[in-house]
Amino acid sequence: MDTQRRKFLKIAGVTALAGIGAPALVRLSSSTALASEHGAPPAAEHAAAAAHGAPVETAPQGVRLGMVIDMRRITEQPELLDNAIAACNAAHNIPQFDNRKSEVKWIWKAPFANVFPGESSYHLAKSVEKTDFAVLCNHCDDPPCVRACPTQATFKVKENGIVAMDYHRCIGCRFCMAACPYGARSFNWEDPRPYIKKYNKDFPSRMRGVVEKCNFCGERLALGQEPACVEACQGTGAIVFGDLNDAQSEIRQVLDKEFTIQRNASLGTKPSVFYIV
Amino acid sequence: MIEKTLKGKPAYWIWLAFLGMLMAVGAACYARQFLFGLGMTGMSRDVSWGLYISQFTFLVGVAAGGVMLVLPYYIHDFKAFGKITILGEFLAIAAIAMCLLFIMADLGQPLRALNVVLHPTPSSMLFYDMIVLNGYLFLNILCGWVILTAERKGVHPPKWIYFFVYLSIPFAVSIHTVTAMLYCGLPGRHFWLSAIIAPRFLASAFAAGPALIIIASLILKRVAGFDAGKEAMNKLVTIIMYAALLNTFFVLLEVFVGYYSNIPGHKHSIEYLFFGLEHHGHVYDNLVPFMWTSVVLNFGALGLFAWPYARKKNEFLLGLSCVMIFLALWIDKGLGFVFAGFVPNPLDEITEYIPTANELGITIGIWATGFFILTLLYKIAIGVEHEMEQ
């Protein structure tokens, strides 16, 4: 199971890279040779096409990455979520401000009532009431932030459904922040660099005046690694990550078996993050 | 015609110097913000738009309001507006200039502003806003200038200009409609997610713009010997009254929908604006005094407008009621509408927004810039007017 998932993540990563168009790392795909498993054209072709700016034709069943957060596990071991948040903060050079006004957060904790304001929290199960939920970008299939962005600085990666950011194109108009119904986006109100505790050279820090948010660890997927938060909870099943469109994936097996809820699904954004309460 | 701006009474120069001083303060404040980032403002992760965008929204309305002179004059041949239509067109230019400055002041990366043009994105309402705002600015500069030049030469304006004059009418409507669409198409922001936002914006615009024109005309009558004429003023008051009544009606409809449906999302922002929102034992009511001031000014002004003596015989009361309605609409749209949309945030948390001194400095600086441009343009218009009378 685990090796199968790793193989998949490699594909996801390569396709993510194809979107970014980094030719040096395309080698990864030739050694994977799994790209045709889904009946999709070899990833190298994807990459070549993307590098030339030509539109990549998507297979009818494209990859759509998603996440299931099993709150039962996190209720049992609340430190799992702390670890996941710490891993994300460290991986992405997220600044730690001491005031709420300037906060930058990719994944964070909030009570059920705040994460699901549309759901009733009247006589909520005590265990749910006491546990903090994980909050992050939902990587919507129909993201309002992408619709609102006037420069395509935030966009949906065709190959895997990740809602990504181009920090160098963002003009800082914050239209996406107003558009996001999940409060998932942060703005760099000032230079974040002095507030980064330990600098991770493998991921760029941001400059002031741009918006940022969770990127489902696109950069780690490209290296065949799991997202930082998923890795931090490894072996517990607290966070399951994978392709929602692949019937054989672990995430699909979890979704087929468990009852899950999504945040504010009534808005039609089709969130890709699911919660088992 | 630009030479007209170079000659004036001492009061003219003092006024310009005063505005210039405020502009300098604004520029200094902006330099600080440019070097530090938007953290210099009171905006936050939760209230991510503040005074800049709210002023922008309000001023788009002021600019669109100019059409209330253009439309009767050019479409219905309402001759009494002949003298002041140019004031409407020039007001639109100054207002759009302020709008663009406010947008620039609000950008986190202002040097990348051209990305909007370099990477055009038809799915974004900001893309259309850029097109219609710049289009409307261009149309008003073109029409105002060509018609004024013709007037100065004592000839009829060239026929082709009327194409642009007529085009400017749908453009005026579109600038405020598209600005409303920036807000009313966002899922999850219940206060904004209402089909009545665009009509409401237009109604308040058609009151605020003409109100400012009446105020300007009354001032120009005293300082520049420019008389807009009784008939024109009376007609403008009628327009303001109906527009303000419509706006009030639309706002009350929002209140009804919120409270009668009793859906928390629809109710919370209105509650926050007018009564304060209780949340975990704390009442958040920053905007309550402003909103009630707006209500009192709004109904007070409507009462004064309805009184024939104040409307027709007493210029002080007429000016006062116009100042009142302008302020009422400025609070309603230039403060409350934008700020309340962010309360509560999508995670049902409340962060209140209080602008910083630096932010106020920039805001005042941009308003001063707008009035500086407006003064120069009106000086030209009235200079030409006087030249014709001689």
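Asn140(B) counts as buried in this predicted model, because 28 C-beta neighbours lie inside 10 Å, and the cut-off for burial is 20 or more. This residue belongs to helix α6 (residues 125–153) of chain B. Chain A averages a pLDDT of 83, and 40 of its residues are in contact with 31 residues of chain B.

**Asn140(B) and its surroundings**

- Apart from neighbours within four places in sequence, Asn140(B) is in contact with Glu89(B), Ala92(B), Ile93(B) and Ser168(B).
- Tyr136(B), with neighbours within four places likewise set aside, has contacts with Ala63(B), Ala92(B), Ile96(B), Ser168(B), Phe171(B), Ala172(B) and Ile175(B).

**Nonpolar core**

- The largest nonpolar core comprises 196 residues.
- The residues with the most contacts inside this core are Ala84(A), Ile107(A), Ala63(B), Cys99(B), Tyr136(B) and Ile325(B).
- Helix α4 (residues 85–106) of chain B supplies the largest share of the core, 15 residues.

**Contact between chains A and B**

- The contact involves 40 residues of chain A and 31 residues of chain B.
- On the side of chain A that touches chain B, at least two residues come from each of α6 (112–115), α8 (144–148), α9 (175–179) and β6 (186–187) of chain A.
- The largest share of that side, four residues, is contributed by α9(A).
- By residue class, the side of chain A that touches chain B consists of 21 nonpolar, ten polar and nine charged residues.

**Chain A: confidence and overall make-up**

- In chain A, 78% of the residues reach a pLDDT of at least 70.
- The stretch formed by residues 18–60 of chain A has a pLDDT below 50, and in the model it has 53 contacts beyond near neighbours in sequence.
- Chain A contains twelve helices and nine strands.
- Of the 277 residues in chain A, 48% are buried.
- Among the contacts in chain A with a separation of 6 or more, 66% join residues 24 or more positions apart.

**The three-stranded sheet of chain A**

- Three strands of chain A form an open sheet in the order β8-β1-β9, with mixed pairing.
- Strands β8 (239–243) and β9 (273–276) of chain A are at the edges and each has a single partner strand, so one side of each has no neighbour in the sheet.
- From one strand to the next, the twist averages 20°.
- Strand β1 (residues 65–70) of chain A pairs with β9(A) in the parallel sense over four bridges.
- Ile69(A) is placed opposite Tyr275(A) of β9(A).
- Helix α12 (residues 250–257) of chain A lies across β1, β8 and β9 of chain A and runs at about 115° to β8(A).

**Backbone features**

- Most residues other than glycine have a negative phi, and most peptide bonds are trans.
- Phe216(A), which is not a glycine, has a positive phi of about 50°.
- Cys217(A), also not a glycine, has a positive phi of about 55°.
- Phe216(A) is located in the loop between β7 (211–212) and α10 (218–221) of chain A, and Cys217(A) lies in the loop between β7 and α10 of chain A as well.
- Phe216(A) counts as buried because it has 27 C-beta neighbours inside 10 Å, and Cys217(A) is buried with 28 other C-beta atoms within 10 Å.
- The peptide bond from Val343(B) to Pro344(B) is cis, with omega near -10°.
- Pro344(B) is situated in the loop between α13 (315–340) and α14 (357–389) of chain B.

**Phe337(B) in helix α13**

- Phe337(B) is part of helix α13 of chain B.
- Phe337(B) is buried, with 24 other C-beta atoms within 10 Å.
- Although 145 residues apart along the chain, Phe337(B) and Trp192(B) have C-alpha atoms separated by 8.2 Å.
- Apart from neighbours within four places in sequence, the contacts of Phe337(B) are Thr57(B) and Asp332(B).

How values were computed:
Residues are numbered from 1 along each chain as its sequence is written. Chains are lettered from A and ligands numbered from 1 in the order in which they are written. This is a predicted model: local features need pLDDT of at least 70, side-chain atom pairs count only at pLDDT 80 or more; totals for chains, interfaces and linings use all residues. pLDDT is the predictor's confidence in each residue, from 0 to 100. Two residues are in contact if their C-beta atoms, placed from the backbone, lie within 7 Å. Ala, Val, Leu, Ile, Met, Phe, Trp, Tyr, Cys and Pro count as nonpolar, Asp, Glu, Lys and Arg as charged, and the others, Gly among them, as polar. A nonpolar core is a set of buried Ala, Val, Leu, Ile, Met, Phe, Trp, Tyr and Cys residues joined through C-beta atoms within 7 Å. A residue is buried if 20 or more other C-beta atoms lie within 10 Å of its own, exposed if 12 or fewer, and partly exposed in between; C-beta atoms are placed from the backbone. Two strands pair if DSSP finds at least two bridges between them. Axes are lines fitted to C-alpha atoms, for helices over the stretch in contact, and angles run from 0 to 180 degrees between N-to-C directions.
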